[in-house]
Amino acid sequence: MTFEDLKLIAPIRQALQDEEYITPTPIQAEAIPIILNGHDLLGCAQTGTGKTAAFSIPIIQKLHEQHKAGKTKGIKALVLTPTRELAIQIDESFASYGYYTDVRHTVIFGGVTQNPQTDALKKGVDVLIATPGRLLDLIGQGFIKLNTLEYFVLDEADRMLDMGFIHDIKRLLPLLPKKRQTLFFSATMPPEIQRLAEKILHDPEKVEVTPPSSTVDKIEQSVYYVEKKEKIKLLTSLLQDKTLESVLVFTRTKHGADKVARVLSKTGIIAEAIHGNKSQNARQRALNNFKDHTTRVLIATDIAARGIDVDHLSHVINYDLPNVPETYVHRIGRTGRAGRSGISFSFCDTEEVALLKDIHKLIGKQIPVMNGHAFETQTAKEAVVEKKKEIKDEAKKRNMYGSKSNGNYWRNKKRAQKRS
Ligand code: AMP
């Protein structure tokens, strides 16, 4: 499958050539024809699969053709996304893929003054990329009208839900024209997201790509058992290896991210932290430095790292394990993007053993252990063995007394206890 097979117009093919894209990713191969044919789409895909191009390319193509036919007035496409970083990246994608077309686009998000954004809107745009809060705000002030809208993209729907944007989305929906093409993307499909999809999509085609485990399979992973207070020494020693060219480090807290960045910088390793407490400008600056490889190490919390899109990210390090196992998959999915392979290291202290177990359960395999490193802790390793034993004992008990779901289990257990 090539981009020519997808019947893309010459200006877009030229732009993709400039980007050095050779073949469409699976989601692009599946979704682009569906969107070009005018169908609604339910895309189950996470960042890193090439989904931004999958929706922006056909939208640009359709708008370019409408432009040529002289049919353009007002905002035609709205892309709603949860974070500023994602919004900026989507806007950059529209700029790249639409470089040789005259499709106009702009991005709006909160946390900065609105004047440059409203000035851009006044000039007229075809595509508006927005985060929910600022969008509703500017609609309320009369700067944005959506009555001319033809395409609506809801990006990272599950993340929207996690971040508490569901009410904003529900407020927005009645403001959109009923007759429109809707593209809905989510990495996971919990029931609430499914209900939302049913509400806003009309007879959609479904596209599902790279379920988490297959993304994970491409990444070389290892776990380092290490005590909490030794983690910083382990990180510093790993970063002495210069083959770790571009490293994204995840910490659980903002405070933790700052602390790690401070200590690394003191040892001469160029590192910056990115999280919600930093100003929008500081975050963007840190991200740009990382993208152009001025900074080798970026330390991030999960929310701040959403959508960080860096070419050739060589390593992801889980300095702290995430509380939610799916987050592990999202984190390490930042390396090994769009078919490339990547490497991830995960630090696990004694208190995190249960979190590691949840991750193993989700990905359906055990992450290989890095044995014999300088900061190895036996306590965490022993805790893993202990946990495994607990699970085995529990299973044994279940077999011994029967199933817990009927009364026999408790009766048999009591009898056994009496006997002993
Ligand atoms: P996304 O899932 O939209 O965040 O995209 C992930 C990354 O893949 C981005 O860095 C894109 O520039 C890159 N990408 C998207 N489509 C392709 C493609 N067809 N070939 C190579 N890289 C791509």
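Angles between axes under 35 degrees are classed as roughly parallel, over 145 as roughly antiparallel, 65 to 115 as roughly perpendicular and the rest as oblique. The axes themselves are lines fitted to C-alpha atoms, for helices over the stretch in contact, and angles run from 0 to 180 degrees between N-to-C directions. The structure is a predicted model, in which local features need pLDDT of at least 70 and side-chain atom pairs count only at pLDDT 80 or more, whereas totals for chains, interfaces and linings use all residues. Residues are numbered from 1 along each chain as its sequence is written, and side-chain values use heavy atoms, with hydrogens and water left out. Helices (H or I, at least four residues) and strands (E, at least two) are DSSP runs, numbered from the N terminus.

The axes of helix α11 (residues 231-239) and helix α12 (residues 254-266) come within 11 Å and cross at roughly 50°; α11 and α12 are therefore oblique to each other. The crossing of α11 past α12 is right-handed, a crossing being right-handed if the near helix is turned clockwise from the far one by less than a right angle, and left-handed if anticlockwise. Contact (heavy atoms within 4.5 Å) is made by Ile232, Leu235, Thr236 and Leu239 of α11 with Val260, Val263 and Leu264 of α12. By class, this contact of α11 with α12 comprises six nonpolar, one polar and no charged residues. In this classification, Ala, Val, Leu, Ile, Met, Phe, Trp, Tyr, Cys and Pro count as nonpolar, Asp, Glu, Lys and Arg as charged, and the others, Gly among them, as polar.

A right-handed crossing is also formed by α1 and α3. The axes of helix α1 (residues 10-18) and α3 come within 10 Å and cross at roughly 145°. Pro11, Ile12 and Leu16 of α1 meet Ile57, Ile60, Gln61 and His64 of α3, and the residues of this contact divide into five nonpolar, two polar and no charged.

Seven strands form an open sheet with parallel pairing in the order β3-β4-β2-β5-β6-β1-β7, where two strands pair if DSSP finds at least two bridges between them. Strands β3 (105-108) and β7 (205-208) are the edges, each pairing on one side only. Neighbouring strands of this sheet are turned against each other by 15° on average, direction ignored. Four bridges link β1 (residues 41-44) and β6 (residues 181-186) in the parallel sense, with cysteine 44 opposite serine 186 in β6. Helix α2 (residues 26-36) lies across β1, β6 and β7 and runs at about 165° to β7. Helix α3 (residues 51-68) lies across β2 (77-80), β4 (127-130), β5 (151-154) and β6, at about 170° to β5.

The structure holds 15 salt bridges, each defined as a side-chain nitrogen of Lys or Arg within 4 Å of a carboxyl oxygen of Asp or Glu. One of them joins the side chains of lysine 51 and aspartate 155 (2.8 Å, N to O). Lysine 51 lies in helix α3 and aspartate 155 in the loop between β5 and α7 (157-162), so the pair ties together parts that are 104 residues apart in sequence.

A further open sheet has six strands, paired in parallel in the order β8-β13-β12-β9-β11-β10. Strands β8 (219-225) and β10 (271-274) stand at the edges with a single partner strand each, so one side of each is left without a neighbour in the sheet. Neighbouring strands are here turned by 20° on average, direction ignored. Strands β9 (residues 247-250) and β12 (residues 315-318) run parallel and are joined by four bridges; phenylalanine 250 stands opposite asparagine 318 in β12.
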